[in-house]
Amino acid sequence: MGFNLDALDGFEFEKLARDVTEKIVGVDLSCYTEGADGGVDASDYYYRSGKPVRVVMQAKHWSRYVPPSKWIEVVSRLCERLKKSNKMPSDKLVIVASAGITEDVQHKMIDVAESLGISQCIVVDRVKLDDFLQREEALPIIKRHFKLWTAGANILGLMLNRAIDIDTKVFLDHVDSHKGLYIQTSVFDKAIESLRRHSILLIVGDPGTGKSVLTQMIALQLIKANHKVVYSSCNDLNRIKNAIEIDCENTLFVLDDFLGQRCLDIDSSKMRGLVTLLRYISKMKNCYAVLNSRISILNEAKRIDDPFKRFIDSIRADIVVIDTKEMSILDKARIMLSNLAFEKVPVEYVDALKAPSSSLFSCQMKCIGLCEHNNFNPRIIEFCCRSEFWTNRDPLDFPSAIKAKLDHPNDVWQNEFEDRLGKAERILAYQLFSLGDANVAIDALRIAYEARMALEVQSDSSVNMFDRALKRLQDTIIKTVFIDNKPYVSMANPSVNDYCAWFLANNNLEASSMAKSLVYVDQLERIAGANQCAEVISVVRDAFVSNRLYGLPYADNISRLYELPGFKTISHCEGKLLDSDNQWIVDFIYNALESSDQEAWNLASTYLFGKFYKWSILDASQISELVNSEQLLRHLVAGTSCYTAPALVDALMDCIDMGLVDNPDVLQQVLIARSKEWLYFYAEDDFDDWFKFDYMSDIHERVAPCEDWEEWDQLVREDAEKQLRSIFDESHLKELLDDHLGAEVSGWLESQDYSNELEDAIDGFIGDLIIPDQDSAFESLRDPLRLSDKSVEITIVEKLFNEYRTE
């Protein structure tokens, strides 16, 4: 049997090459990333300080024809890189290739390697790989590499021979036609491991997370293990019962959407029949049952039938929950790549995904940002890879178009809300949204829900609508946690909040009803943030003008008079407010600044100066008046951070230039006192950048390793302080303040002020400095490729995208 190496991506082939090499040389190996690795894809798993590695493996996943001269060049360059990076193996260099290499070329490769200092070179090409993988000793490797055999041309015939009815054949035909999409992720490995221990596996997850795909992959795995397949969808149990024979064995029973596809479509009697059937299957020899369902439907079934609930609870250890938030970046990227390749997305669109991010804080490929998105969902990625999505779209716009879908995954949740939830349940979800993203006490949610339902004329007050709705939403829309033995709830997925925000932005009636029934101050900001229709604006205006805002409690019962909801509510509504609203807004700001609460001052300043653009409130005559109240001015300046200070200083200087300041000397004194504090933070930020990017880059040239950790810490701290004092002086601090606050303010400070702040900043920085341990400090010299897990993943992802091809 020939193995389809072309079906593997670069990451999968590298892992296969490592596993095969371990069997050949008898040494455990660890894979590394490509880049400044000196040509090492894998080497000794156990690092031995001061000793050379014994084995180095290099994988070349080239399915196309490669001329002999290219292979010789590969070996020559590889040996040069190994020498340069001090990675020459003491025992063996193993080159594993997915292409066929003639015997003569292999001999030349070995001769070149050994002439350049390699003790022994082993070349494993496609023919040798195929031969090795068919040996009995390779069976554990085959089991670990799902796609080695599932992509084979004869798999469909093998599957159909083991199907017992037309529905199963249709299912397996779909599996075969989509096998190019299948990626062996950690979730798949977990599912297979669970089936090895027990015969019943339940796969649950939100819409679009890959439940059906995982079920199909498991079917392929068991077909290879000589199992027949019996398929049933949407709780058609008769097909399963009719397929069970006396002494039936080696059979996989697949129950797809076993409780219903879109909602619970099975009554208690059928559920109990299902439990009986599953228990019977569990006693059959080498038989397995794989079921899948949406979490919401499963929870509803558990709620209405206790025997079913007890059975599900009894197999809890064998329930695989697919949660995209727990997926690794690498798994997500490989899912994306498999969809791109399956739909044959042109290279120019993938090139756009490989382009560096436009963010000021990251130069990673755009595809990595998409994989890190909170709403990453395989169904959305699948949709975005279809030709109807990218055809006639500029390739350069492809990444932003995908991001827009992830930003607003309304299609998934709109179906859930509109087709499966009743009005009472939808209202409960919207009320939970109005209370914020954090965990909310169930009692607080109940109060908010009942206030909103009081507006519903036809609501049934004779039943406990809240408990019923809560149970209906459990785990699919919301999740419950216990904090100090008290129940709290939150949205089960961040994208549910996105959907709620989108829905409320486009539904003035519901947003208005929520605003009119609000009972917590938290709700005011959330509702106004989603919808600024006239009715919502009216409720906001009334809450401030009537002082009702001050009487509204917080959902967590902690009083925070000037907490964010007030200022954030105003910010949300700015585009719809009138100049006549200035007075009550200014009153709110004045009240905050007149209080003795430092946090209130911080929020007032952040509201006024935390954005690059601020509406007409800054031009209001009432705002300019506060600079003539020394108390308000001091509180405003005290509440301004070093980051928003430039905007404050600009505004105050404008007031002076326009003659609005009665006593400029007072304003100057206030700014001088606060500027010294801001300067301290500017200096520390500057020191921090220097330490991270300059000092640590060549620390090995100045500080030698120490046996004692405390000695190391002291040496680095003393050396860093010495370097700081030699590089930074008073003139540097003056330039810093000039850059941030302007020449006029920097000129107000005396030379002694800069000298004092420099001393304080250096003392504070050195005292608070966290010294890295020696291993991390010298790691770049010993092994430049031992990166953090995330860094390694990102490097592998970039490598896989660079290898993308559509053929």
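Averaged over the chain, the pLDDT is 82, and 86% of the residues score at least 70.

Two stretches need a caution. The pLDDT is below 50 over residues 152-156, and that stretch has eight contacts in the model beyond near neighbours in sequence. Residues 780-788 are also below 50, with 16 contacts beyond near neighbours in sequence. Where pLDDT is low, the predicted coordinates should not be read in detail. Please treat the contacts of 152-156 and of 780-788 accordingly.

Next, the sheet. It is open, has five strands, and runs in the order β7-β8-β9-β6-β10 with parallel pairing. Which strands stand at the edges? They are β7, residues 228-233, and β10, residues 319-322; each has a single partner strand, so one side of each lacks a neighbour in the sheet. On average, and ignoring direction, neighbouring strands of this sheet are turned by 15 degrees against each other.

Looking at one pairing in detail, β6, residues 200-205, joins β10 in the parallel sense over four bridges. Glycine 205 has isoleucine 322 in β10 as its bridge partner.

Two helices pack on this sheet. Helix α10, residues 211-224, touches β6, β7, β8 (251-256), β9 and β10; the direction of α10 makes about 170 degrees with that of β9.

Last, a helix pair. Two packed helices are described by the angle between their axes and the distance between the axes. For α37, residues 709-727, and α40, residues 751-768, the axes come within 10 Å and cross at roughly 155 degrees. That angle makes α37 roughly antiparallel to α40, the cut-off for that term being over 145. The crossing of α37 and α40 is right-handed.

Which residues make the contact? From α37 they are Arg717, Ala720, Glu721, Leu724 and Arg725; from α40 they are Glu759, Ile762, Asp763, Phe765, Ile766 and Gly767. Sorted by class, the contact of α37 with α40 has five nonpolar, five charged and one polar residue.

Conventions: Residues are numbered from 1 along each chain as its sequence is written. This is a predicted model: local features need pLDDT of at least 70, side-chain atom pairs count only at pLDDT 80 or more; totals for chains, interfaces and linings use all residues. Side-chain values use heavy atoms; hydrogens and water are left out. Axes are lines fitted to C-alpha atoms, for helices over the stretch in contact, and angles run from 0 to 180 degrees between N-to-C directions. Angles under 35 degrees count as roughly parallel, over 145 as roughly antiparallel, 65 to 115 as roughly perpendicular and the rest as oblique. A crossing is left-handed if the near helix is turned anticlockwise from the far one by less than a right angle, and right-handed if clockwise. Contact means heavy atoms within 4.5 Å. Ala, Val, Leu, Ile, Met, Phe, Trp, Tyr, Cys and Pro count as nonpolar, Asp, Glu, Lys and Arg as charged, and the others, Gly among them, as polar. Two strands pair if DSSP finds at least two bridges between them. pLDDT is the predictor's confidence in each residue, from 0 to 100.
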